[in-house]
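Please view the sequence and structure below before reading on.

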Number of protein chains: 2
Amino acid sequence: MGLLTMTPVERDERFMGMALDEARMAAEEGEVPVGAVIVIGDKVIARCHNRTEALHDVTAHAEMLAITAAAEYLNGKYLDKCSLYVTVEPCAMCAGALGWSQISEIIYGATDNKRGFHTMYSTQQGPLHPKTVVRGGVLEKECAGLMKSFFRSKR
Amino acid sequence: MGLLTMTPVERDERFMGMALDEARMAAEEGEVPVGAVIVIGDKVIARCHNRTEALHDVTAHAEMLAITAAAEYLNGKYLDKCSLYVTVEPCAMCAGALGWSQISEIIYGATDNKRGFHTMYSTQQGPLHPKTVVRGGVLEKECAGLMKSFFRSKR
């Protein structure tokens, strides 16, 4: 399938599918299964998964690693031409980082009612740039299912 | 002066003084002048300053680098026995990271009414651990003065 012939839904599912692959790698490594992909146009410039356990570093969320990798690729810290696909709604820390990056678009899979940024901030946009567009619910069932089975296996 | 004979005020000023030295290094490098120190007991285990320009990475705030360095030193991701001294009130991202770290205490110098976490979150404690104690105003004049003269020089 050529990228140019993809519909918006196919595009979302393709990139979220990559983020899901990353999340599955995290699960295999015993990490909370969250994956993230950053794209510019149709080019993937970062693919990362949560590595907080491996690096014993609370800052090593999938989104944070992806922001750092994308900025490294672009040789500049602003991601205002980029879209982030992430399997779970970003937390307060990641939303803060995404705000500083001025990322254009955030597309997430599953909602996180406990730690997701929408429940933490005093405004709907939270710390995000006013122009950043946020959408949720892409491949939601698969993204949420991965989290559920991970936490069930930990009990 | 022996560490054991320090009063709480002397202790605060000693460690915030180190954070200020870091902030001054940031200013010399053309970075927004914020410095951070993490201590456990009376031992300094991380000393960092903002490096967002050098690394062209929005996540490279002084506090984030200090959290990563302290966790590396401790070989574990939780900082629940540690205190953070930082010259400026942490932003939303850094407060989120500090929440995940379960840090015991946050002591900051200058308030940041625009980007400080107190103005961003829907609750006073924001994303911080319920047990984390936060205090501001230590060497406030020096910390704020450094920021003011930096931004004045940029105009």
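The sections below describe salt bridges in this predicted model.

## Overview

Side chains of opposite charge can pair when their charged atoms come close. Over all chains, the structure holds 14 salt bridges.

Arg11(A) and Asp42(A) meet through their side chains in a salt bridge, at 2.3 Å from N to O. The pair links distant parts of the chain, 31 residues apart: Arg11(A) belongs to helix 1 (residues 8-28) of chain A, and Asp42(A) to the loop between strand 1 (35-40) and strand 2 (43-49).

Arg11(A) is partly exposed at 21% relative accessible area. Buried means under 20%, so Arg11(A), at 21%, is not counted as buried. Asp42(A) is also partly exposed, with 28% relative accessibility.

## Two pairs in chain B

Asp21(B) and Arg24(B) form a salt bridge whose closest N and O atoms are 2.9 Å apart. Both lie in helix 1 (residues 8-28) of chain B, and because they are 3 residues apart, about one helical turn separates them. Asp21(B) is partly exposed at 37%, and Arg24(B) is partly exposed at 36%.

A salt bridge also joins the side chains of Arg47(B) and Glu22(B), at 3.5 Å from N to O. Arg47(B) is in strand 2 (residues 43-49) and Glu22(B) in helix 1 of chain B, so the pair ties together parts 25 residues apart in sequence. Arg47(B) is partly exposed, with a relative accessible area of 38%, whereas Glu22(B) is buried at 6%.

## A network in chain A

Asp12(A), Glu105(A) and Arg135(A) are joined into one network by salt bridges that share partners.

Terms used
Residues numbered from 1 in each chain as written. Chains lettered and ligands numbered in written order. Predicted model: local features only at pLDDT ≥ 70, side-chain atom pairs only at ≥ 80, totals over all residues. Heavy atoms only, no water. Salt bridge = Lys/Arg side-chain N within 4 Å of Asp/Glu carboxyl O. Helix = DSSP H or I, 4+ residues; strand = E, 2+ residues; numbered from the N terminus. Buried < 20%, exposed > 50% of the residue type's maximum accessible area, 1.4 Å probe, protein only.
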